[in-house]
Amino acid sequence: MSTTTTETTSSTSLPYEECRGVLRVYSDGSIVRSSKPSFDVPVHDDGSVAWKDVVFDHTNQLQLRLYKPAASKSKLPIFYYIHGGGFCIGSRAWPNCQNYCFQLALSLQAVIVAPDYRLAPEHRLPAAIDDGFAAVKWLQAQALSSEDTWLTDVADFGNVFISGDSAGGNIAHNLAVQLGAGSPELAPVRVKGYVLLAPFFGGTILSKSEAEGPKDAFLNWELIDRFWRLSIPVGENTDHPLVNPFGPFSRSLEEVPFDPILVVVGGSDLLKDRAADYASRLKNWGNKIEYVEFEGKQHGFFTIDPDTEASKALMLIVKRFITENSS
């Protein structure tokens, strides 16, 4: 049975696998997590965006972070941003995530909802997918109760967009499948579209970009493989339906009605081919799908370097997608 600590333990003499310097999984099953983020950058909080934390799952003590433009007095679309980290690391509270949510709130003029989810290997899939669903059900409860005026005074519950970065993009896809077009079970909340930012999909047969990607890539194959081994259910492989949308054990998506989806990926991202294939298949089946590839960009370029021209261009693309699909 695995145990998790946040300090160095006697396991340090044992072999271990490491993820981005914040997670070590030892050969005896013990797990050490650092309290520090992988991306230790300054938080740029200038007061132009108001924010607060809310517990959305009391059983698992999961929180989400809400953001809104401080000066806004009109109703705003709601934009979920589900963080990445290979299902193993990451947090709504990491400074790179918080800085990006500040930018999203101001650039999109939206209420941003950034939920946490349980992490592997302590909590393997489908835990993260279940938590993503709980985070959107929480929004439905807010819409029905109208108790939190900090949120309800500015939130347009009929204009909701669900985005995810990497593993978060995988969660967003699985929510799109589960909720279906129109998201009827969330009423009065209405999801109008999904934004998949370099979605983290896999499969036992490697894509060309996975097999030939450079070893020094920000997200290289060694780390991709490690994330999957630590996060998929014990005894399963990367053709698991939550990992490979088109795998031999996956539900056929040809007849699934999807809300509009924007798929974004960097041209030098090892996940590129899977993202392109995903967008192509869903579009060929008659769904409203937009695919954007940023030439030469690595995995996560928009949060690592949010002030580059490519990152700014992406923000404009997301804003247009919201405008075109809002009521």
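Me: A pocket, on a 1 Å grid over the protein atoms alone, is an open set of points with protein on both sides within 12 Å along at least five of seven lines. How much space lies in the largest pocket?

Reply: The largest pocket holds about 480 Å³ of space. Of its 22 lining residues, the closest to the centre are Arg33, Gly90, Ser91, Asp116 and Leu119. Lining residues have an atom within 4 Å of a point. The volume is the space filled by probe spheres set on the points, which are joined across faces, edges and corners.

Me: Where do these numbers and positions come from?

Reply: This is a predicted model, where local features need pLDDT of at least 70 and side-chain atom pairs count only at pLDDT 80 or more, while totals for chains, interfaces and linings use all residues. Residues are numbered from 1 along each chain as its sequence is written, and side-chain values use heavy atoms, with hydrogens and water left out.

Me: What classes of residue are in the lining of the largest pocket?

Reply: Eight nonpolar, eight polar and six charged residues. Nonpolar covers Ala, Val, Leu, Ile, Met, Phe, Trp, Tyr, Cys and Pro; charged covers Asp, Glu, Lys and Arg; the others, Gly among them, are polar.

Me: And what volume has the second largest pocket?

Reply: About 270 Å³. It is lined by 15 residues, and His44, Asn99, Gln103, Pro306 and Asp307 are the closest to its centre. By class, this lining divides into seven nonpolar, six polar and two charged residues.

Me: Which element gives the most to that lining?

Reply: α1, with six residues. Both α1 (95-108) and α8 (301-304) supply at least two residues each. Helices (H or I, at least four residues) and strands (E, at least two) are DSSP runs, numbered from the N terminus.

Me: Moving on to cavities. How many of 30 Å³ or more are there?

Reply: The count is one. A cavity is a set of points where a 1.4 Å probe fits but cannot get out. About 320 Å³ of space lies in the largest cavity. It has 22 lining residues, with Phe39, Gly84, Gly85, Asn96 and Asp165 nearest its centre. The elements giving two or more residues to this lining are α1 and α8.

Me: How does the cavity lining split by class?

Reply: Into nine nonpolar, eleven polar and two charged residues.

Me: New topic: how many disulfides?

Reply: The count is zero. A disulfide here is a pair of cysteine sulfur atoms within 2.5 Å.

Me: Is Cys101 buried or exposed?

Reply: Cys101 has 0% relative accessibility, so it counts as buried. Buried means under 20% relative accessible area, exposed over 50%, and partly exposed in between (1.4 Å probe, protein chains only).

Me: OK, rings. How many aromatic pairs does the structure hold?

Reply: There are 16 aromatic pairs. Among them, Tyr100 and Phe302 form a tilted pair, 5.8 Å centre to centre with 40° between the planes. This pair links distant parts of the chain, with Tyr100 in helix α1 and Phe302 in helix α8, 202 residues apart. Both Tyr100 and Phe302 are buried.

Me: What counts as a pair?

Reply: Rings of Phe, Tyr and Trp (its six-membered ring) pair if their centres lie within 6.5 Å; planes under 30 degrees apart are stacked, over 60 edge-to-face, and the rest tilted.

Me: Which residues form the aromatic cluster?

Reply: Tyr81, Tyr100, Phe294, Phe301 and Phe302 form one cluster.

Me: Which charged residue lies over the face of Phe246?

Reply: Arg281, at 4.3 Å from the ring centre. The charged end of Arg20 sits over the ring of Phe218, 3.9 Å from its centre. The rule is NZ of Lys or CZ of Arg within 6 Å of the ring centre and within 35 degrees of the ring normal. Phe246 counts as partly exposed because its relative accessibility is 21%.

Me: Last one, the backbone. Where are the cis peptide bonds?

Reply: One joins Leu125 and Pro126, with omega about 15°. Pro126 is in the loop between β8 (111-115) and α2 (127-145). Another joins Ala187 and Pro188, with omega about 10°. Pro188 is in the loop between α4 (167-179) and β10 (191-197).

Me: What is phi of Gln61 near?

Reply: Near 50°, a positive value in a residue other than glycine. Gln61 is in the loop between β5 (49-57) and β6 (62-69), and at 55% relative accessibility it counts as exposed. Phi of Ala198 is also near 50°, but Ala198 counts as buried at 1% relative accessibility.
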